[in-house]
Every structure is written in C-alpha cells, then in structure tokens.
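Here is a set of exercises to work through with the model open beside you. Have a go at each task before you read its solution.

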Amino acid sequence: SSAPSKDGNFERGQQAFRDGDWQGAVDYFKKTVADDAKNAEAYNLMGYSYRRMGKADPAFEAYAMALGIDPKHRGANEYLGETYLLVGDLEKAEAQLALLKDLCGRQCKETVKLRKAISRYNASANTQTLLDLDEENW
C-alpha cells in the first residue's frame, strides 16, 4: 500500500480519536499538521487527545496553535477552558466561557458543555471526574 495521504493522516487521526486511542490520535494529527500547518481542527483534536491523557502543557500548546489559526474555533475555545479546569485555573476557564458566549451565545453546545464542566468542577474540583465525565459524542 502507498504512504497515507495528507487527508489519510487526518482521517486515521479521527478514527483513533473516536476509538479513544489518544496517543495514536496525537501521532496522526502531528503528521497532519506537518503537511498542513493551517489545520486548526487537527491542532484542536490533538489538544483534546493530550488533555484526555492528562498532559496539560502540550494540550495548551495545541489549542494555542488552533486558536492562532482560527481564533473563533468554538471547539478549541471550549476544550481550552476544560484544560484550564484540569490544572485548577477556574478564572481562566470562566474567561473562556465568557468568550464562547460572545462567539456563539449562551445556548450553543460548546458554551453549554463548558458551563457544565465548570459546574462539575465547582461541585467536586476533582480532575479525574472531569476526565471520566466527558460527554463528547463522536
């Protein structure tokens, strides 16, 4: 078989992501952005995968790249807020929530999900709970 195409790496990354293979997803998304440095969604999903592995610093870096490409990327803004919760920075998470409200309103799914994550954080402040209760449907 031939080497995977640029899109092939992204598709394989998405499949690994759906399968919960976070390291595999990161590996494919790294290949994707090596070929296409402007792929905000690949950076976003890479950040999410790092966060699910409990690796906040590389998650922050990936979200910064995604938001540098597309500052209005709702998913990256939501997940960045959730990563702030992972490291215990409620103030920055709430700032992301305010930004999302400005981007898409109080009822868009990203705003609602981050608001719920902040509520769970305030109720328990248990980072493992945030990982276990992730409501993402892929």
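## Starting from the core

The largest nonpolar core has 35 residues, and Phe17, Phe29, Met46 and Tyr63 have the most contacts inside it. A nonpolar core here is a set of buried Ala, Val, Leu, Ile, Met, Phe, Trp, Tyr and Cys residues joined through side-chain atoms within 4.5 Å. This is a predicted model, where local features need pLDDT of at least 70 and side-chain atom pairs count only at pLDDT 80 or more, while totals for chains, interfaces and linings use all residues. Residues are numbered from 1 along each chain as its sequence is written, and side-chain values use heavy atoms, with hydrogens and water left out.

**Exercise 1.** Work out which elements give two or more residues to this core.

*Solution.* Start with the fold: the protein chain has 8 helices and 0 strands. Helices are DSSP runs of H or I with at least four residues, strands are runs of E with at least two, and both are numbered from the N terminus. Next, pick out the contributors: helix 1 (6-18), helix 2 (22-35), helix 3 (40-52), helix 4 (56-69), helix 5 (74-86), helix 6 and helix 7. Then zoom in on Tyr63: leaving out residues up to four places away in sequence, Tyr63 touches Asn44, Gly47, Tyr48, Arg51, Ala76, Tyr79, Leu80 and Thr83. Touching, or contact, means heavy atoms within 4.5 Å. For the chain as a whole, 45% of the 138 residues count as buried, where buried means under 20% relative accessible area, exposed over 50% and partly exposed in between (1.4 Å probe, protein chains only). As background, nonpolar side chains tend to be buried together in soluble globular proteins.

**Exercise 2.** Describe how helix 2 packs on helix 3.

*Solution.* First the geometry: the two axes, helix 2 and helix 3, come within 9 Å and cross at roughly 155°. Axes are lines fitted to C-alpha atoms, for helices over the stretch in contact, with angles running from 0 to 180 degrees between N-to-C directions. So helix 2 is roughly antiparallel to helix 3; the cut-offs are under 35 degrees for roughly parallel, over 145 for roughly antiparallel, 65 to 115 for roughly perpendicular, and oblique for the rest. Now the hand: helix 2 and helix 3 make a left-handed crossing, that is, the near helix is turned anticlockwise from the far one by less than a right angle (clockwise would be right-handed). Last, the residues: from helix 2 come Trp22, Ala25, Val26, Phe29, Lys30, Thr32 and Val33, and they meet Ala42, Tyr43, Leu45, Met46, Tyr48, Ser49, Tyr50 and Arg52 of helix 3. Sorted by class, the contact of helix 2 with helix 3 has 11 nonpolar, 2 polar and 2 charged residues. Ala, Val, Leu, Ile, Met, Phe, Trp, Tyr, Cys and Pro count as nonpolar, Asp, Glu, Lys and Arg as charged, and the others, Gly among them, as polar.

**Exercise 3.** Which residues does Glu110 touch, not counting residues up to four places away in sequence?

*Solution.* Find Glu110 in helix 7 (residues 109-124). Check its burial: Glu110 counts as buried because its relative accessibility is 7%. Then list the partners, which are Arg74, Gly75, Glu78, Leu100 and Cys104.

**Exercise 4.** Is Ile118 buried or exposed?

*Solution.* Ile118 also sits in helix 7. With a relative accessible area of 6%, Ile118 is buried. Beyond its neighbours within four places in sequence, Ile118 contacts Leu85, Leu90, Ala93, Glu94 and Leu97. The C-alpha atoms of Ile118 and Leu85 are 7.3 Å apart.
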